[in-house]
Amino acid sequence: MAGLQREYLLHLADNALVLGQRNAEWCGHGPIIEEDLALGNMSLDLIGQARLLYSHVAEASASGATEDTLAYLRDAPQFRNYTLVELPHRVMALPTSSGDRDFGLTIVRNFLYSALMVLVWEALRGSQDAQLAAIAAKSIKEANYHLRHSRDWLVRLGDGTDESKRRAQAALDYLLPYTQEFWSDSAMETSAARCGVGVDMASLRGRWDALLDAALEEATLRRPAAGGYLSTGKHGVHSEHLGFVLAEMQSLARQHPGAEW
């Protein structure tokens, strides 16, 4: 497997793993029991997608990598996930009612990401990489559920109480600039698209914008202007938050390398 193609698959896997880990932080802390279960199930879906992708990379690798070493024994600069998915569950300017978790931010992030991944997985069903195409065919079903769930909650929060609307709008204002990374150029994505393995991200932007605008209109939320800092997580340059996520997620595997259970 060519190096850039490997990085592209790791990019897809790392996004799913890190967001799955973030959503898992709600386990036992959901605002209602149904949402505790829903976010847990969505986390399992994402981690399952990551496992399939890591296994695909490992099978094609001559380095002896496994799905576990790819998930647990790489350092932050080796991860290729969007910065969006590694951010904590809070808008720093707002106090939260649940410790360090803001449900509104979680919902907005899940919506922005799942709206993208529905389009990505749909396109990847036609990938020249047969195994990636099969992973996409499975994953799109889960992504559609994640999109429906987060969109329903986005509308409920935006068109709800004054407080829920304020928090949803604040989360949108905070997170939307990070979505510019979806459309920024990277060698791995360009190479994967050129050889028929990946998808041309620019071709998805209009449909993603339409999904976003329709949801915000129904939720009576305002779309903030584009601009601001362009995050670079998929290039391996992350926020300070990823290190804390990985430290918690990887601690057991690093303390007991090679352990089986």
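**Salt bridges and cysteines**

1. In this predicted model, Arg-22 and Glu-25 are joined through their side chains by a salt bridge, with an N to O distance of 3.0 Å. Arg-22 is buried, at 8% relative accessibility.

2. A salt bridge also connects Asp-75 with Arg-254, and their closest N and O atoms are 3.0 Å apart. Asp-75 belongs to the loop between H3 and H4, whereas Arg-254 belongs to helix H10 (residues 241-255), so this pair ties together parts that lie 179 residues apart in sequence. Asp-75 is partly exposed, at 41% relative accessibility; Arg-254 is likewise partly exposed, with a relative accessible area of 36%.

3. Arg-80 pairs with Glu-7 in a further salt bridge, the closest N and O atoms being 3.3 Å apart. Distant parts of the chain are linked here: Glu-7 is in helix H1 (residues 3-24) and Arg-80 in the loop between helix H3 (67-72) and helix H4 (103-124), 73 residues apart. Arg-80 counts as buried, at 13% relative accessibility, while Glu-7 is partly exposed, with a relative accessible area of 28%.

4. Salt bridges also form a network, which links Asp-102, Glu-163, Arg-166 and Arg-167. The structure as a whole contains 15 salt bridges. In general, side chains of opposite charge can pair when their charged atoms come close.

5. How many disulfides does a search of the whole structure find? The search finds zero. As to individual cysteines, Cys-27 is exposed, with a relative accessible area of 58%, and Cys-195 is partly exposed, with a relative accessible area of 43%.

Methods:
Residues numbered from 1 in each chain as written. Predicted model: local features only at pLDDT ≥ 70, side-chain atom pairs only at ≥ 80, totals over all residues. Heavy atoms only, no water. Disulfide = S-S within 2.5 Å. Buried < 20%, exposed > 50% of the residue type's maximum accessible area, 1.4 Å probe, protein only. Salt bridge = Lys/Arg side-chain N within 4 Å of Asp/Glu carboxyl O. Helix = DSSP H or I, 4+ residues; strand = E, 2+ residues; numbered from the N terminus.
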